[in-house]
Amino acid sequence: MCVQVRAPGLGPLETLLKRFPQARVILDHMARPVLDDGPPYAKAASLFALARYENLYLKLTTHNLRDAPQDFLVGVVKLFGAPRIAWGSNFPASDGKLGGLLADARQALAVLSDAERDWIFFRTAKNLYAGIA
């Protein structure tokens, strides 16, 4: 299932993750974390705390790439692991053409390893959505 909540909804999401540990849950837009406090991003602590739930996956979208500093994005990938993160363009709701959104995402995540980018841009989605060829 895919849920879209912000920080106030992460407590109820944690309840769901505990109650249904076999359900794979995708958190859309990574809950649009508030990052204006800078490193170590204490305002995002409730998101970080959810990394312990192996059934939680993050959808990293154009919103996140435009709003989050690179060090935050790299930290989230290290904390959750690339196999639990899938890129989503948010097309057509996001401004720009799909090819441009993909190019922007690839540039923003260029600091990651090839294997991490492979998971984020392809393998995680294929794992989550088994019908994808």
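Is glutamate 116 buried or exposed? Glutamate 116 is buried, with a relative accessible area of 14%, where buried means under 20%, exposed over 50% and partly exposed in between (1.4 Å probe, protein chains only).

1. This is a predicted model, in which local features need pLDDT of at least 70 and side-chain atom pairs count only at pLDDT 80 or more, while totals for chains, interfaces and linings use all residues. Residues are numbered from 1 along each chain as its sequence is written, and side-chain values use heavy atoms, with hydrogens and water left out.

2. The chain holds six helices and four strands, these being DSSP runs (H or I, at least four residues; E, at least two) numbered from the N terminus.

3. Seven salt bridges are found in the whole structure, each defined as a side-chain nitrogen of Lys or Arg within 4 Å of a carboxyl oxygen of Asp or Glu.

4. Glutamate 116 pairs in this way with lysine 78, at 2.8 Å from N to O. Because lysine 78 belongs to helix H4 (residues 70–80) and glutamate 116 to helix H6 (residues 114–128), the bridge ties together parts 38 residues apart in sequence. Lysine 78 counts as exposed, at 53% relative accessibility.

5. Lysine 59 forms a salt bridge with aspartate 28, with the closest N and O atoms 3.2 Å apart. Lysine 59 lies in strand E3 and aspartate 28 in the loop between strand E2 (25–27) and H2, so the pair links parts that are 31 residues apart in sequence. Lysine 59 is partly exposed at 21%, whereas aspartate 28 is buried at 10%.
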